[in-house]
Amino acid sequence: MVSGAIALAFLPLLLTLIIRYRYYFVLFYRAVLVRIWKDCVTGLSREERAYQYVLTHSIPGDPDSILDAFDYWCNKVEYISNIGPKKGKILDRILMEQSPLTVLELGAHCGYSTVRIARALPLGARLYSIEMDQTNAAIAEKILRLAGFDDDTVELIVNPSDEVIPRLRSDYNLERVDFVFMDHWKKCYLPDLQMLEECGLLGKGSVILADNVLFPGAPKFLRYIRKSGLYEWKIHRAMLEYSKGIRDGMAELVFQGIK
Amino acid sequence: FLNESMSFIGDEQFEGGNKEKRHREKRRDGSKDRRKRANAKRRDRSRADRENEEFEERLGKREKGRRGRVKNDQEAKKREQEGGAGAQVKSGKTAKVKKNIKNEKRRISEKDGKAGERTEKGKKRVESAKKEIATVKHGTRDKTREEKKKKYKENSEDKEVKPESLSPDELEKLKEAVDEKKKLIQSLRGKPWPMKKKLVTLQETLRIQSHDDQGEWKWTLLMLHPKWMKFQRDFENFKTACIPWEMKIKEIESHFGSSVASYFIFLRWMYGINMILFGLTFGLVMVPEALMGRPYGSIPRKTVPRAEEASAMDFAVLWDFGGYAQYSVLFYGFYSNQRAIGWLKFRMPLSYFLVGVGTVAYSYMVVIRTMARNANESGVGDDNSFNFSWKMFTSWDYLIGNPETADNKFASITTCFKEAILEEQESRKDDNIHLTRFLRVLANFLVLCCLAGSGYLIYFVVRRSQKFALDGFENHTWWERNEVNMVMSLLGMFCPMLFDVISTLENYHPRVALQWQLGRIFALFLGNLYTFIIALMDEINVKREEEKIVKFNITMWEASLYNGTVSENFTASPITIHPADVPRGPCWETMVGQEFVRLIISDTMTTYITLLIGDFLRAVLVRFLNHCWCWDLEAGFPSYSEFDVSGNVLGLIFNQGMIWMGAFYAPCLPALNVLRLHVSMYLQCWAVMCCNVPQERVFKASGSNNFYMAMLLVILFLSTLPAIYTIVTIPPSFDCGPFSGKNRMFDVIHETLESDFPAWFSKVFSYASNPGLVLPFILLMVLAIYYLQSTSKSYKEANVELKKKLQMVIQIMKIILLLPTTVNNWQ
């Protein structure tokens, strides 16, 4: 039987861990515990709750107000790992600089980033958004319609990304993708990137933006782009969305082609 | 692909050009050299003549040359007829001829070089050309050959250049000579010297080569030079290999920078000191007692008491340093109070006392001397005057050999610059000073709470353990028995982490924060140590009470025994009782020694276990779980651990303090410490290289070295205080240890003076120790210290003044230098 004094001696360690990793604990609470609790209480999924809030608190046809409503909900009410306002600004800036005509989004989730990208696109550009989950895709579609984007601007494809990418050329007549935004499963970053390379969808100057490369993190992906030499790349360091103390980053890759 | 091939061609061209250059250089050098030689031999020749010849050569007209040579030969014949006086001139002429051929050779080779041929081919061509020349000239030279041969015998060193009689044998020789020169030039090219020096050396060697007779030894010396250098380098390597752990430390330094290496250098230094302490105690106390003192079992203090005999060899008992370990040379109580032991008449108690004093004195001396030396080394520059320049030019650590560390260092330098610039900006404005002040006060309050809490916890635990001791340890679990050590180790491990977290509140500059951190950890360790000592003092008092009772009982027991035996049998034979049965007092000195040994052992164990769990296991988990985890373990939450320099250094210092404190009562402590340091050297070297990553927050180690030394000095002082206090105030136990039976431990000196020295000596000593003499002496010493202090201070001031003047001069120089340009600008 361990005596109480020895247990008390572990108190400083416990305090240290709690203080040092408080943001992670807060994140765990908001993203997991609150979600489970709300799921049980309301009987709706998290995305549906978010959609309800946005529907009631935003002006239809105004993407900005929809994004604001999302941000407020994720900050104050519950947590959804959207790209968030701060990293969203980086995304906006890159889109403004590149003004791509063909954009591929992997992982639409509930449509926040889709609205964000579609809002910044130039006239005549087309966004292909891939979402694996059926219910999430339905919500994303509703959000998109709410924001006022039609099928000509945004094409929502409901399928896993590794099935869709090889068929993009045949089914959707895509020759080249100018801009790719990755925000789906972190493990799929690397295989999807390699698949894009294989299919020849990337041309010289195509930009790939990958979110959350530091937290939760995609180490294999980073290792690959470091080694491959096909890309010019940099990491935009920022904080995790809707959180203050967790470091995260977005990787911006510019495809250089084979030298 | 085209590009690549182009570049390849370019490379080849470049290479070819290089070769050509090399070629030309060689030739030029060779020809120059030969020309020089020829010059020396025909000083009497007119210059115009020579120029003429050169002109001829350049034209390359063989007829002319032949004619000239015929003329020459005729001349030579004449001269020969005239007598030996002309020999010199003749030789000069032959030299000229040689030069002719040589020049031709050079031209050809140059042509070859231009054509971009390989050197071998070029050489072959040269040789074939030489042959051609030889055949062409053969006819004309038939006549003169005989004499020429004679002359060549005279100056044999020119054999290699002799082109006309090229038998295969001589051709070989020529080739050899060329090869040798090539080798020489190759070896010179490899040297890290400036080009000028290389050329000079080349000329010198060639000259020496030519003057075979007088320059041979020089030449051999020069040829031996690389071997000598190699030997020197090998010797240096050997010397470094002789320094213990030098290579390991260098390797760590190359991976982790100088701050981590400084810890290991400190550890090695500590190891050296402990070796000497160990040598003193082992050689002068433990070995004499073991060899010459009374053997085990002869007297009660050297025997395990009857009650403990059954369990005296159990591992659990031995691990707690009880049983046979307690009744051995490892502890104070084993030593007998015989004045002299063995045939050497070794004064054991005196030696014990002097070794105890000597170890402490030696430690003081070494620490202070090292501090003084460090102060000399580091006290030159002040950091404040040229802040940015220092940072600019001296911040890179050239010993780093690892890209990751280099990245970290780069980042730290950048942040350092950023911080310095921010500091400069912030020194002018102050925003919300109240909040920062409040946060700092709050942080200090929290730290104080933490310190008080840990102090109370230790006090509580020690009290409880005393209660357990009264009950008897057998009735309690292992946890309860080792509670004190466990709690102390755990607190010493975890509280620094908490301080580190709290210090982020304060928003200090990292360097200042580090000092605060060190100070707090120091306070924590010191508090823990002194709580422990105070508890020990309580225990000593308890034991002394017990001792009084035992002493009284023993007299009663002896009396009863005596009476009993007297009454039973009337023979006057001495009573023989086995020493294990004799009742004895609680030897408080041994108890103190045991406590310290246990503390050291548990401290060591915690250090190693933390190392294995906190560093190794964590590294293994992070490394191998990273493939199948949902976030990046290496970059994110657990990550690899950093090497905590400040914590490790403080741990080492306090460990040493405990050694100094307890070494008097447990002579085995230095030996244990040597063992511990030895193991931890290897273990920590391995752990650092295997499972740590370089620190992000790098701080200069060279500057803080003296800081560590100062802490060591403070600890030395603080740890000798209790030891001296116990020695001076508490009378030793009556039945154990070398000082048993005396009133105080230092009485042994008095006793030695009285009985071992002549009477006059003790008289002189008694006069010398008279307060009337001692007080003025102390006064004198204080005055001398004051004087030295004040002079050093004035020197320092003078230094500062000179520095200021230097700065002024620099500024004036700047103004003077800038003046013309500014005037020009104005104009």
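1. Let me start with a loop in chain A. His109(A) counts as partly exposed, at 22% relative accessibility. Keep in mind throughout that this is a predicted model. The residue sits in the loop between strand E1 (102-106) and helix H7 (112-120) of chain A. Its backbone is worth a look: phi of His109(A) is near 50 degrees, a positive value in a residue other than glycine.

2. There is a second case of this kind in chain A. Asn212(A) has a phi near 55 degrees, again positive in a residue other than glycine. Its place is the loop between strand E5 (202-210) and H11 of chain A. Is Asn212(A) buried or exposed? Asn212(A) counts as buried because its relative accessibility is 2%, and the cut-off for buried is under 20%.

3. Staying in chain A, check the peptide bond between Phe215(A) and Pro216(A). That bond is cis, with omega at about -5 degrees. Pro216(A) belongs to helix H11 (residues 213-217) of chain A.

4. On to charges. Over all chains, the structure holds 32 salt bridges. In chain A, the side chains of Asp151(A) and Arg145(A) meet in one, at 3.0 Å from N to O. Asp151(A) is partly exposed, with a relative accessible area of 48%, and Arg145(A) is partly exposed too, at 35%. In chain B, Glu309(B) bridges to Arg306(B), the closest N and O atoms being 3.0 Å apart. Here Glu309(B) has a relative accessible area of 29% and Arg306(B) has 41%, so each counts as partly exposed.

5. Glu751(B) and Lys742(B) meet through their side chains at 3.9 Å, N to O; the cut-off for a salt bridge is within 4 Å. Glu751(B) counts as partly exposed at 26% relative accessibility, whereas Lys742(B) is buried, with a relative accessible area of 15%. Which residues are joined with these in one network? Salt bridges that share partners tie together Arg339(B), Arg347(B), Lys742(B), Glu751(B) and Asp756(B).

6. There is also a negative surface patch on chain B, formed by Asp169(B), Glu172(B), Glu176(B) and Glu180(B). Asp169(B) is part of helix H7 (residues 168-189) of chain B.

7. Now the aromatics. Searching the whole structure gives 39 aromatic pairs over all chains. One of them joins Phe278(B) and Phe282(B): the rings are stacked, 5.1 Å centre to centre, with 25 degrees between the planes. Both residues lie in helix H11 (residues 258-292) of chain B, four residues apart, about one turn of the helix. As for cover, Phe278(B) is partly exposed with a relative accessible area of 22%, and Phe282(B) is partly exposed with 38%.

8. Compare that with Phe532(B) and Phe596(B), which form an edge-to-face pair, 5.9 Å centre to centre and 80 degrees between the planes. This pair links distant parts of the chain, with Phe532(B) in helix H20 (residues 510-568) of chain B and Phe596(B) in helix H21 (residues 588-625) of chain B, 64 residues apart. Phe532(B) is buried, with a relative accessible area of 3%. Phe596(B) likewise counts as buried, at 3% relative accessibility.

9. Chain B also has an aromatic cluster. Tyr332(B), Phe334(B), Tyr335(B), Tyr352(B), Phe353(B), Trp588(B), Phe664(B), Tyr665(B) and Phe739(B) make it up.

10. If you care about nonpolar surface, go to the patch of about 1100 Å² on chain B, whose members include Phe315(B), Trp319(B), Met605(B), Leu621(B), Trp629(B) and Trp686(B). Helix H12 (315-319) and H21 of chain B are the elements that give two or more residues to the nonpolar patch. Which element gives the largest share? That is H21(B), with seven residues. Leu621(B) is in helix H21 of chain B and is partly exposed, with a relative accessible area of 47%.

11. The C-alpha atoms of Arg373(B) and Asn706(B) are separated by 9.5 Å, although the two residues are 333 residues apart along the chain. Arg373(B) lies in helix H14 (residues 348-378) of chain B. At 47% relative accessibility, Arg373(B) counts as partly exposed.

Conventions:
Residues are numbered from 1 along each chain as its sequence is written. Chains are lettered from A and ligands numbered from 1 in the order in which they are written. This is a predicted model: local features need pLDDT of at least 70, side-chain atom pairs count only at pLDDT 80 or more; totals for chains, interfaces and linings use all residues. Side-chain values use heavy atoms; hydrogens and water are left out. Patches are made of residues with over 30% relative accessible area and no salt bridge: like charges are joined within 9 Å, nonpolar side chains (Val, Leu, Ile, Met, Phe, Trp, Tyr) within 5 Å. Accessible areas come from the Shrake-Rupley method with a 1.4 Å probe; for residues, only the protein chains shown count as cover. Lys and Arg count as positive and Asp and Glu as negative; His and the chain ends are not counted. The place of a charge is taken as NZ of Lys, CZ of Arg, CG of Asp or CD of Glu. Rings of Phe, Tyr and Trp (its six-membered ring) pair if their centres lie within 6.5 Å; planes under 30 degrees apart count as stacked, over 60 as edge-to-face and the rest as tilted. Buried means under 20% relative accessible area, exposed over 50%, partly exposed in between (1.4 Å probe, protein chains only).
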